[in-house]
Structure formats: C-alpha cells, structure tokens
Amino acid sequence: MANELNTYVPGPNSWAKPGSAERNKVEVLPVLNQWFTGAALNSGIPIESRRVLELASGFGTQVSYFAEYTPSVTFQPTEAQEECIEAMKAVAEQATNHNILPPAKLNVVSDTDWLNVVEKSGPYDGIFVLNMLHISVWESTEKLFLHAGRILRGKNAAFLAVYGAFKRNGEYSGEGDRLFDIDLKRRDARWAIRDLESEVIPEAGKNGFKLKECHQMNFNNLLVIWTLA
Ligand SMILES: C[S@@+](CC[C@H](N)C(=O)[O-])C[C@H]1O[C@@H](n2cnc3c(N)ncnc32)[C@H](O)[C@@H]1O
C-alpha cells in the first residue's frame, strides 16, 4: 500500500510474530517506567504534567498497558495506518483510565504530520517506538531522530526509546534474525534490520542524541534509550 508520500506503509500482517506485542509490553514496561515517571531524568516536570508520545502504535497493545500502569502520565498514540487508528479508538472507548489521548495519524516520514500532530502540541517528555525501524523505509529512522530532537524537552530532560531487532557491528544477533531480515527484504527491498553501531547511533548523534542505555531483551531484541546531549 502506498500513501500520499509514495512511501510504503505495511499492513497488520507485517508483525514479526503474532502475540509479540502482548509479550514485549510486559518485559519493556519496568525499564520504560523509570523514564515515563521522570525518575531517570532531570527535568523537574511533575508526573501529572508529563506527556509521552508513541510512534507506530499498531493496535495500541503496549500503550494501553503502559497507560493503565502509569495513570498519572498522559500518553499520545500515533499511527500511519487508518485501520490501526480505528482499532485503537474502539479500544479507547472501552478503557476505564483517561490518560490516553485519542490516537492521531502520524506517518513518521511526513514533515507535515509531525508539524500538525505534535510540533504544535510539544514539548514532550518522551517518545517510544517499538518494532518499526526494521519494517519501514530508512527515511523513517532519519525523520524519527530529526523530529524527536525538535519536540522533546532539552538536555537530559526527555527520552527517546526504540525497541526491536538490530544488528550489532554488522552481525546478526542469531540465525533467526538473519532469516527474518531475508524475509523483510523479500516483502519490501527497503526494509531491513538496522545496524545499531553503524547506522542508528550515528543518525541519533547527528540530531544531538546521546546513547544512555541499551538493554538486551528476549528474542534477541534490544531496548535502546537516548537523551538529548
Ligand atoms: C510490526 S508493527 C509494530 C506495531 C507496534 N509498535 C508493536 O510493537 O506491536 C510496525 C508498525 O509500524 C508502522 N509504520 C510503518 N511505517 C510507518 C511510518 N512511516 N510511520 C508511522 N508508522 C509506521 C506500521 O503501520 C505498523 O503498525
């Protein structure tokens, strides 16, 4: 499916493994919660004023779970796909907690979307994105760091967290990831497991981000956290 920017946006069957969001939300939360609440930051922003943005929210599995666990923080889910947004709205109608804002349409490669959706409503205390970098065009990664640098609070006052499969120094983390990468490229030649050291960290650095933490997670995935230096 091509969007108005002629950029491929994958469908719901692009998920790595069925049920993976249900599993990774549980393992990711204890790390991210330190950043959601501001415990790992020096911003001084009270918890009830903290706002966190999610990109590529999918069907909102993780953001719903995080918001329920951290009711004082306000979460803004976003997605490029209308179908995911509609699904998230339906879930939000059933939710009893009110700290998730209505899902917004944001294609990470669209400067206009960033401007309309979040730059006007910033600054944010954090951004997280799970399982997107490998399953989208490289321009998504470039635009992610570019715009994150503009909408986050300043030095050590906000975080950017990226979760997913990565190569390390040119090497796959295992045979499973090598096969996964072949499958990704078969589906779209522009998709790929990105290399943390040679691709993602330099892109982050270009936009003023400094690597703070890199957590090894299940299934050889990483949870990587940056702040503005
Ligand atoms: C594998 S799914 C992951 C969804 C969710 N984050 C999760 O971990 O379950 C990849 C998601 O990236 C989204 N995506 C891909 N390219 C995008 C872009 N340019 N802007 C925003 N979202 C994008 C897709 O719509 C899809 O929901």
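Two residues are taken to be in contact if their C-beta atoms, placed from the backbone, lie within 7 Å. The structure is a predicted model, in which local features need pLDDT of at least 70 and side-chain atom pairs count only at pLDDT 80 or more, whereas totals for chains, interfaces and linings use all residues. Residues are numbered from 1 along each chain as its sequence is written.

Helices (H or I, at least four residues) and strands (E, at least two) are DSSP runs numbered from the N terminus. In α1, Ala 21, Glu 22, Lys 25, Val 28, Leu 29, Leu 32, Asn 33 and Phe 36 meet Thr 61, Gln 62, Tyr 65, Phe 66 and Tyr 69 of α2. By class, this contact of α1 with α2 has 8 nonpolar, 3 polar and 2 charged residues (Ala, Val, Leu, Ile, Met, Phe, Trp, Tyr, Cys and Pro count as nonpolar, Asp, Glu, Lys and Arg as charged, and the others, Gly among them, as polar).

An open sheet of 7 strands has mixed pairing and the order β3-β2-β1-β4-β5-β9-β8, two strands being paired if DSSP finds at least two bridges between them. Because β3 (104-105) and β8 (209-216) stand at the edges with a single partner strand each, one side of each is left without a neighbour in the sheet. Strand β8 runs antiparallel to β9 (residues 222-228), to which 7 bridges join it, and Lys 210 has Thr 227 in β9 as its bridge partner.

The ligand is surrounded by 23 residues, of which Ala 21, Ala 56, Gly 58, Ala 80 and Ser 136 are the closest (a residue is near a molecule if its C-beta atom, placed from the backbone, lies within 6 Å of it). This shell has 13 nonpolar, 9 polar and 1 charged residues.
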